[in-house]
Amino acid sequence: MPESAPTSLTLIHEVSLVERDGQLQTVCPCSGFYLCGHCVHDVCFDCDECAGPGCVCACMREERAVRAQGVRIYLTTHMVNWLATSEIPLMVNRGRLAPRKSFPRARSAWVLDSGGFTMLQRNGRWTLSAAEYAAEVRQYAEAIGRMEWAAPQDWMCEPWVIYGGTHQRLHYHGTRAARGLTDDDPEQDLDTAVTLHQQYTVANFLELRSIAPDLPFIPVLQGWELRHYLDCAQIYADAGVDLAAAPVVGLGSVCRRQATAEIREIVEAFAARGVRLHGFGVKIKGLAAYARHLTSVDSMAWSKDARYSPPLAGHSHKNCANCPDWAFRWHARITDAAAARAPQLGGDERGRSACA
């Protein structure tokens, strides 16, 4: 859900008051942040637990659990130029690359998000053919280099994507026309619509693989409930695609869910089948519950954290929502590499940066 930017910022006794979604919240100016983006002082805004000296709030416990699992985390960014300097894996959206005439050479591995969510949200269908998309992906793979994989033109299965309307402040066109419905047709039930979206998703993967077998397109599982995802896996199997043999399989339609238990059930079911899953936009705070069953995830949570926190020391911008320093430090803190070089917050580390 897109959240409103802070509308006021007042310093009172070294504590900033930020208006966030109509409520005033306090922000400490220290640099010792938890995974939720808040500091080691007082009470964590996200979990409401004590986060003072000697205490560890739920967010920090989850951060440590995620770090221990060692899941590969791609830092999602809309800043294409970061590809040239980043030493950590990035995820870049096609929508950021498509308008460009030139591209940076990647310094490290990266993956391509097809931008399917925005495409369906705005248009209710894909306006780009498989051949056109494959040509674009080839251009990015050759010009930028080091592309690990690319998502196909999948079809999300959230009810609001299917039926249209407004959900969490975003307007959705709906995929009614793409499903062959006219204004005088009765609306399809969710199961029927989900099945069609799954068929479109699998058919696109097969077409892309046929057009460009040398490009690293990955299969993506789509659905809404666990039974839908299992049905999608069967559609792949019927088409001759062995998901357990794939290096990675995307798990779609989970990034805007709030129910961690639902995602955990889906992830565990496919882990038991030997499927190596990538969670698209999986909530990092809930990841501790099922990180051991995932191969990788991507996240842009760092930008949200930065938007509602004071900028790093020495930074002149209002916040670090577009700042590589903040992003790279955030990523370092929640990955295995951070465990050896970053101090644990709490106790004597009160107020110190986790990435100092």
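**View 1. Arg146, an exposed residue in a loop.** Arg146 is exposed, with a relative accessible area of 51%. Here exposed means over 50% relative accessible area, buried means under 20%, and partly exposed lies in between (1.4 Å probe, protein chains only). Arg146 belongs to the loop that runs between helix H4 (130-144) and strand S7 (147-150). Helices (H or I, at least four residues) and strands (E, at least two) are DSSP runs, numbered from the N terminus. The phi angle of Arg146 is near 60°, a positive value in a residue other than glycine. The model is predicted: local features need pLDDT of at least 70, side-chain atom pairs count only at pLDDT 80 or more, and totals for chains, interfaces and linings use all residues. Residues are numbered from 1 along each chain as its sequence is written, and side-chain values use heavy atoms, with hydrogens and water left out.

**View 2. Ser253, a buried residue in a loop.** Ser253 sits in the loop between strand S11 (249-251) and helix H8. Its phi is near 60°, a positive value in a residue other than glycine. Is Ser253 buried or exposed? Ser253 counts as buried, at 5% relative accessibility.

**View 3. Helices H6 and H7.** Two packed helices are described by the angle between their axes and the distance between the axes. Helix H6 (residues 190-211) packs against helix H7 (residues 226-238) at an angle of about 35°, and their axes are 10 Å apart. The axes are lines fitted to C-alpha atoms, for helices over the stretch in contact, and angles run from 0 to 180 degrees between N-to-C directions. The crossing of H6 and H7 is right-handed; a crossing has this name if the near helix is turned clockwise from the far one by less than a right angle, and is left-handed if anticlockwise. Contact means heavy atoms within 4.5 Å. The residues of H6 that meet H7 include Val194, Val202 and Phe205, and those of H7 that meet H6 include Tyr229, Ile235 and Tyr236. The residues of this contact divide into seven nonpolar, four polar and three charged. In this scheme Ala, Val, Leu, Ile, Met, Phe, Trp, Tyr, Cys and Pro count as nonpolar, Asp, Glu, Lys and Arg as charged, and the others, Gly among them, as polar.

View 4. Side chains of opposite charge can pair when their charged atoms come close. A salt bridge is a side-chain nitrogen of Lys or Arg within 4 Å of a carboxyl oxygen of Asp or Glu. Arg227 and Asp191 form one through their side chains, at 3.0 Å from N to O. The pair links distant parts of the chain, with Arg227 in helix H7 and Asp191 in helix H6, 36 residues apart. Arg227 is partly exposed, with a relative accessible area of 40%, and Asp191 is partly exposed at 31%.

**View 5. Helices H7 and H8.** H7 and H8 pack at an angle of about 30°, with their axes 9 Å apart. Their crossing is right-handed. On the H7 side, Leu226, Tyr229, Leu230 and Ala233 take part, and they meet Glu265, Ile266, Ala269 and Phe270 in H8. By class, this contact has seven nonpolar, no polar and one charged residues.

View 6. Glu268 pairs with Arg264 in a salt bridge, the closest N and O atoms being 2.9 Å apart. Both residues lie in helix H8 (residues 260-271), four residues apart, about one turn of the helix. Glu268 is partly exposed at 29% relative accessibility, and Arg264 is partly exposed at 33%.

**View 7. A network of salt bridges.** Which residues are linked in a network of salt bridges? They are Arg176, Arg179 and Glu187. The side chains of Glu187 and Arg179 meet at 3.0 Å, N to O. Glu187 is partly exposed at 36% relative accessibility, whereas Arg179 is buried, with a relative accessible area of 6%. A search of the whole structure finds nine salt bridges.

View 8. Ala239 is found in the loop between H7 and S11. Ala239 counts as partly exposed, at 34% relative accessibility. Not counting residues up to four places away in sequence, Ala239 touches Val202 and Leu206. The C-alpha atoms of Ala239 and Ala203 are separated by 8.9 Å, and these residues are 36 apart along the chain.
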